[in-house]
Amino acid sequence: MDTPAPDTPVVCDMSTASDTPRQRLGEYHELFGRHLIARERTAQGIRFRLRAEPGVAAWVRDLAAREKACCAFFAFDVTETGEEVAWDCAVIDDDTARAVLDEFCHLTDDLEGAMERLTARGLRITPRTSIP
């Protein structure tokens, strides 16, 4: 997995996203609630292990691409191995980026208040400016 350049800004720019930050968190809640097997720390970051049910790998790849579009300081790798989809996540070497990664790791625990915790840990979030 190729990590972005160390000087990549630690911002979440969803101004051109097709969804809002709250909708994105809801999508994580649905994905993880239905398909998450486990999450674990890796040498580079974290790995979410999900059941490889029909459509899950494509869903994860799409979600990872949308995350990368708004949070360029992340690196993602999605692989299918047997009955699992592995979603590896890493960030640049930056204190705020690592704090965001920690929060990202625990999205499955407590979605309520996630946006507030992310901003409290230093992530600047630019929400979508209009709703289509």
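In the protein chain, residues 24 or more positions apart account for 64% of the contacts with a separation of 6 or more. A contact here means heavy atoms within 4.5 Å. The model is predicted: local features need pLDDT of at least 70, side-chain atom pairs count only at pLDDT 80 or more, and totals for chains, interfaces and linings use all residues. Residues are numbered from 1 along each chain as its sequence is written, and side-chain values use heavy atoms, with hydrogens and water left out.

The protein chain holds four helices and six strands. Helices (H or I, at least four residues) and strands (E, at least two) are DSSP runs, numbered from the N terminus. Along the sequence the pattern reads β-α-β-β-α-β-β-α-α-β. The radius of gyration is 14 Å, in agreement with the value near 14 Å for a compact globule of 132 residues. That radius is taken over C-alpha atoms, and the globule rule is 2.2 Å times the number of residues to the power 0.38. Along the principal axes, the C-alpha atoms fill a box of roughly 40 × 35 × 25 Å. Of the 132 residues, 45% count as buried. Buried means under 20% relative accessible area, exposed over 50%, and partly exposed in between (1.4 Å probe, protein chains only).

Four strands form an open sheet in the order E2-E3-E5-E4, with antiparallel pairing. Strands E2 (36–41) and E4 (74–81) stand at the edges; each has a single partner strand, so one side of each lacks a neighbour in the sheet. Neighbouring strands are turned by 15° against each other on average, direction ignored. Two strands count as paired if DSSP finds at least two bridges between them. E4 and strand E5 (residues 84–91) are joined by eight bridges in the antiparallel sense. Across from Val-85 in E5 stands Glu-80.

Helix H1 (residues 21–35) packs on the sheet. H1 touches E2, strand E3 (45–51) and E5, and its direction makes about 60° with that of E3. Axes are lines fitted to C-alpha atoms, for helices over the stretch in contact; angles run from 0 to 180 degrees between N-to-C directions. Helix H2 (residues 56–70) lies across E3, E4 and E5 and runs at about 170° to E4. H2 has 15 residues. From first C-alpha to last, H2 reaches 21 Å, close to the 21 Å expected at 1.5 Å a residue. The expected span is 1.5 Å times one less than the number of residues. The buried residues of H2 are Val-56, Ala-57, Trp-59, Val-60, Leu-63, Ala-64, Arg-66, Glu-67 and Cys-70. Their cover includes strand E1 (11–13), H1, E3, E4 and E5.

Phe-104 lies in helix H3 (residues 95–105). Phe-104 counts as buried because its relative accessibility is 6%. Beyond its neighbours within four places in sequence, Phe-104 is in contact with Tyr-28, Ile-46, Phe-48, Phe-74, Phe-76, Trp-87 and Cys-89. Ile-46 is 58 residues from Phe-104 along the chain, yet their C-alpha atoms are separated by 8.9 Å.

The count of salt bridges comes to 14. A salt bridge is a side-chain nitrogen of Lys or Arg within 4 Å of a carboxyl oxygen of Asp or Glu. One of them links the side chains of Asp-19 and Arg-24 (2.8 Å, N to O). Asp-19 is buried at 7% relative accessibility. Arg-24 is buried too, at 4%. Another salt bridge joins the side chains of Glu-27 and Arg-66 (2.7 Å, N to O). Glu-27 lies in helix H1 and Arg-66 in helix H2, so this pair ties together parts 39 residues apart in sequence. Both Glu-27 and Arg-66 are buried.

In helix H3, Asp-95 and Arg-98 are three residues apart, so about one helical turn separates them. They form a salt bridge, with the closest N and O atoms 2.3 Å apart. Asp-95 counts as exposed at 60% relative accessibility. Arg-98 is partly exposed, with a relative accessible area of 34%. Elsewhere, salt bridges that share partners join Asp-19, Arg-24, Glu-27, Asp-62, Arg-66 and Glu-67 into one network.
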